[in-house]
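Please open the structure in a viewer and keep the sequence at hand. The stops below proceed by selection, each followed by what is to be found there.

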Amino acid sequence: MERRRFGSTKREIAVIGQGTWDVEKNQGGAIAATAALRRGLDLGMTHIDTAEMYGGGAAEEIVGEAIAGRRDEVFLVSKVLPQHASRQGTLAACDRSLVRLNTDRLDCYLLHWRGAEPLEDTIAAFEQLKNEGKILSWGVSNFDEVDLAEAWSIADSLVCNQVLYHLEERAIEHAVLPWCIQHDVAVVAYSPFGHGHFPGPRTTGGRVLQEIAAAHNATPRQVALRYLTRRPPLFAIPKASSVKHIAENAGIAALSVHGRTRECGFVGAVGRYRRCGKAGSTATG
Ligand code: NAP
C-alpha cells in the first residue's frame, strides 16, 4: 500500500484507509466487522477512521477490538461532536473515546464539523490533549477555506481536513484543496464511493470507469480510489463490511493512473455525466 506524509506530521500513512460509519450494522455482527477491519490492516489499510458519533460509540468499541494487540500498526483517528466541543467537553469526549477504543492515544483527533462552540476553546483542548500525550495531532472535518483560515489563525498545528470527496462531488477542488496544499494540511476524502451511490455499469460514467479499469486490469472502484488519491495531500477512507470489498479496495496498490494523464481527465469527468441526470448524493456521518 502506498504511503505518504500526513500533513505536517512526520508520519507516512497509507493513502487508503478504512471508514467505520455504520460498521456496527455489519450483517455478521461485531465479530465479522472486527475480522474485516483486521483483514484491512493485514492488507496495509492501517489508517482507521472512527467517531464518537458512529453507533453512539459502538463503532469505536469494534475498532478497539480490531486493533487489540496491533495498536502500533494503526493510524487511529476519531472525532468529537460539535456539541461536545467546548474546552472541558472535548477533554471528556476524548477520554470516553480512548476507553472505548481501549488505547492510550489517538494519532489524530478531529472536530467532526463546526458547531456553536468557539473554535478557540476546541483548539485549546486539542493542544492540551496533545501536551498530555492523549492525541498526537489534531484536525478538522467539513471545514471550508474560510473556517480553515480561522482555525489556522488560532493555531497552525492543524494537520488534517476530512471532507466529502467522490467522483460526483468534487467541490473541494476549487478552494479547499488548494488551501490545504498551500498549508501542508492532509485532505482525507470521506464517502469516496458516494456513501453507496457509486456510478453503476449502465451509466455513462460507470462505463467510462469500466473501460479504464479493464485497460489496467483493475475494477471501477479501484480506479475511483486511485483518482481521489492521485496526488499529495490526498487520502481516502472507504468503508467496507466484507473481506471481499476490503481486498478490492486495498488492491489499488497495484494500479497506476497517476497525475495529469488523459485517463485522469476522463475519470474526473464521471460526475458530470451524472449531473446531467440525477444529482449526486451527499452524506454527513
Ligand atoms: P463510502 O465509503 O463512500 O461507501 C460505503 C459503501 O460502499 C458501503 O455500502 C460498502 O458496502 C460499499 N463498498 C465499499 N467497498 C466496496 C467494494 N469494493 N465493492 C462494492 N461496494 C463497496 O461511504 P461512507 O461510509 O459514507 O464513507 C467512508 C467513511 O468516511 C465513513 O465510514 C466514515 O468513517 C467517514 N465519513 C466521515 C464523515 C465526516 O463528516 N467526517 C462523513 C461521512 C463519512 P459494504 O459495507 O457492504 O462493504
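Begin by selecting residues 158-164 and 186-190 of this predicted model. These are strands E7 and E8, which pair in the parallel sense over five bridges. To locate one point of this pairing, pick Val-163, whose bridge partner in E8 is Ala-189.

Remain on strand E8 and colour its residues by burial. Are the residues of E8 buried or exposed? Five of the five are buried, so the strand is largely enclosed by the rest of the structure. Cover is present on both faces: Ala-186, Val-188 and Tyr-190 are buried on one side, while Val-187 and Ala-189 are buried on the other.

Now display the ligand and its surroundings. Which residues are closest to the ligand? Of the 28 residues that surround it, the closest are Gly-19, Trp-21, Tyr-190, Lys-239 and Ser-241. By class, the shell consists of 16 polar, eight nonpolar and four charged residues. Select residues 243-250 as well: this is helix H9, which supplies the largest share of the shell, three residues.

Move on to residues 29-42, which form helix H1. At 1.5 Å a residue, its 14 residues should span 20 Å, and the end C-alpha atoms are 20 Å apart, which agrees. Highlight Ala-33, Thr-34, Ala-36, Leu-37, Gly-40 and Leu-41, the buried residues of H1. Viewed down the helix axis, these buried residues fall within an arc of 160 degrees, so they line one face of H1.

The last stop is Glu-117, in the loop between strand E5 (108-111) and helix H4 (119-131). Why does Glu-117 count as partly exposed? Glu-117 has 19 C-beta neighbours inside 10 Å, whereas a buried residue requires 20 or more. To finish, draw a distance from the C-alpha atom of Glu-117 to that of Arg-230: the two residues are 113 apart along the chain, and these atoms are separated by 35 Å.

How values were computed:
Residues numbered from 1 in each chain as written. Predicted model: local features only at pLDDT ≥ 70, side-chain atom pairs only at ≥ 80, totals over all residues. Near = placed C-beta within 6 Å. Helix = DSSP H or I, 4+ residues; strand = E, 2+ residues; numbered from the N terminus. Nonpolar A, V, L, I, M, F, W, Y, C, P; charged D, E, K, R; others polar. Pairing = 2+ DSSP bridges. Expected span 1.5 Å × (residues − 1). Buried ≥ 20, exposed ≤ 12 C-beta atoms within 10 Å, placed from the backbone. Arc of directions from axis to C-beta.
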